[in-house]
Amino acid sequence: MKNHNIGLLGGGLPQASLANRLAETGQWEVYTMFLEGPLLSPAVHTARDFRDVLWLCGTLVLPHPVCREGLVLNAPLWQGPPADAGQFLGLIGKGVLLLTGAVSPAFARAAAAKEVTFTPLPPPEREDGWPDLVMDHLGRARDKKVRPRPRSQSPNTPLAMSTDSLASRAYQSAPIFWA
């Protein structure tokens with residue numbers, strides 16, 4: 001992974017613990033959105049407005065479970081108004097590794113509508129096991145250089161060529177006639 005900025009959106013104590021552990025490794029620049037409080041290390045950057053830092057992050061981690069009900073983000077440590085997960089889904093860039101806990105059907109539909117690919121992680125075996133689960137996945141992803149599938153590429157369809165690239169190839173291969 002080239003981008004060492006990681007963003008954690010929402011969550012409770014396990015997500016705060018994960019933010020602190022990631023910051024302690026020194027391998028990540030950690031940003032939290034919809035997650036704040038004295039439990040967070042001074043090395044963790046807390047954003048009041050997710051739009052200020054979401055675009056910086058090459059990896060995003062949503063809590064387990066992602067939503068409390070519908071699209072309301074599971075964010076018990078957030079002091080602001082309830083966060084609608086749909087408000088940030090459309091701003092997630094291509095190529096971002098999005099790790100999630102259990103997702104609601106509403107979240108899955110919203111992500112599909114915005115063409116956002118996410119990687120759901122299995123439920124942790126212990127209540128406090130979320131940080132370990134995410135850290136293990138990030139380690140495997142880094143070692144294997146796992147990259148998320150581009151939004152436009154479906155697992156069951158070939159990658160289509162855009163009309164711009166077809167026109168460009170036709171132009172480049174056209175014979176040149178000198179007058």
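Helices, labelled H, are DSSP runs of at least four residues, and strands, labelled E, are runs of at least two, numbered from the N terminus. The model discussed here is predicted.

Within this scheme, His 137 is found in helix H4, which comprises residues 130-144. His 137 has a relative accessibility of 16% and therefore counts as buried, the cut-off being under 20%. Beyond its neighbours within four places in sequence, His 137 is in contact with Leu 99, Thr 119 and Leu 121.

Helix H4 also packs against another helix. Two packed helices are described by the angle between their axes and the distance between the axes. The axes of H4 and helix H1 (residues 13-25) come within 8 Å and cross at roughly 40°, so the two helices are oblique to each other. Their crossing is right-handed. On the H1 side, the contact is made by Pro 14, Gln 15, Ser 17, Leu 18, Arg 21, Leu 22 and Thr 25; on the H4 side, by Trp 130, Pro 131, Asp 132, Val 134, Met 135 and Leu 138. Eight residues of this contact are nonpolar, three are polar and two are charged.

Helix H1 itself may be considered next. At 1.5 Å a residue, its 13 residues should span 18 Å, and the end C-alpha atoms are 19 Å apart, which agrees. Buried residues of H1 are Gln 15, Ala 16, Leu 18, Ala 19, Asn 20, Leu 22 and Ala 23. Their cover includes strands E1 (5-9), E2 (29-33) and E4 (59-61), together with H4. Just after H1, Gly 26 takes a positive phi of about 80°.

A further buried position belongs to a strand. Thr 100 is found in strand E7 (residues 97-100) and counts as buried because its relative accessibility is 0%. Apart from neighbours within four places in sequence, its contacts are Leu 62, Pro 63, Val 66, Phe 107, Phe 118, Thr 119, Pro 120, Leu 121 and Trp 130.

The loops contain several backbone exceptions. Most residues other than glycine have a negative phi, and most peptide bonds are trans. Phe 34, in the loop between E2 and strand E3 (45-47), has a positive phi near 60°; with a relative accessible area of 6%, Phe 34 is buried. Glu 115 likewise has a positive phi, of about 60°, and is found in the loop between helix H3 (105-113) and strand E8 (119-120). The peptide bond from His 64 to Pro 65 is cis, with omega near -15°, and Pro 65 is placed in the loop between E4 and strand E5 (67-69).

Technical notes: Residues numbered from 1 in each chain as written. Predicted model: local features only at pLDDT ≥ 70, side-chain atom pairs only at ≥ 80, totals over all residues. Heavy atoms only, no water. Axes fitted to C-alpha atoms, helices over the stretch in contact; angles between N-to-C directions. Parallel < 35°, antiparallel > 145°, perpendicular 65-115°, else oblique. Left-handed = near helix turned anticlockwise from the far one by under 90°. Contact = heavy atoms within 4.5 Å. Nonpolar A, V, L, I, M, F, W, Y, C, P; charged D, E, K, R; others polar. Buried < 20%, exposed > 50% of the residue type's maximum accessible area, 1.4 Å probe, protein only. Expected span 1.5 Å × (residues − 1).
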